[in-house]
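Here is a short walk through one protein chain, from its overall layout down to a few side chains. Please keep the sequence and the 3D view at hand while reading.

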Amino acid sequence: MRNLKRVVAALFVLLLAALVLFFVLENQQTVSLVLFGWAAPEMPVAVLVLAALVVGLAIGPFLGAYGVLRSKRKIRASARQAVLNGN
């Protein structure tokens, strides 16, 4: 059973790598992004899309953790307030 899980995981990783490679090879057109008058150097579309994906994958967990911590603080504050009010 353990070996089956490893094989399935390896196949998934290989499939994902193949999809990324296919995406990169199909999107070789160069573009230049312009933001507030600043123009980035020309690079393939795939590089920009993959860079945006990596940045999103890096920022997402931090925003999720921030939301959880904020919720915990609100719960603690309301519990503390309930204790102070004698409820």
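The model is predicted. Its secondary structure amounts to two helices and four strands, and in sequence order these elements run α-β-β-β-β-α. The chain is more spread out than a compact globule, because its radius of gyration is 23 Å, well over the 12 Å that the globule rule gives for 87 residues. The C-alpha trace spans about 65 × 55 × 10 Å along the principal axes.

Burial and surface area can be read for the chain in the same way. Of the 87 residues, 3% are buried.

Helix α1 covers residues 2–26. Both V13 and V20 lie in this helix. V13 has a relative accessibility of 53% and therefore counts as exposed, since the cut-off for exposed is over 50%. V20 has 36%, so V20 counts as partly exposed; that class lies between under 20%, which is buried, and over 50%, which is exposed.

V13 and V20 also belong to a nonpolar surface patch, which they make together with F12 and L16. The patch has an area of about 380 Å².

G67 is 54 residues from V13 along the chain, and the C-alpha atoms of the two are separated by 30 Å.

Methods. Residues are numbered from 1 along each chain as its sequence is written. This is a predicted model: local features need pLDDT of at least 70, side-chain atom pairs count only at pLDDT 80 or more; totals for chains, interfaces and linings use all residues. Side-chain values use heavy atoms; hydrogens and water are left out. Patches are made of residues with over 30% relative accessible area and no salt bridge: like charges are joined within 9 Å, nonpolar side chains (Val, Leu, Ile, Met, Phe, Trp, Tyr) within 5 Å. Accessible areas come from the Shrake-Rupley method with a 1.4 Å probe; for residues, only the protein chains shown count as cover. A salt bridge is a side-chain nitrogen of Lys or Arg within 4 Å of a carboxyl oxygen of Asp or Glu. Buried means under 20% relative accessible area, exposed over 50%, partly exposed in between (1.4 Å probe, protein chains only). The radius of gyration is taken over C-alpha atoms; the globule rule is 2.2 Å times the number of residues to the power 0.38.
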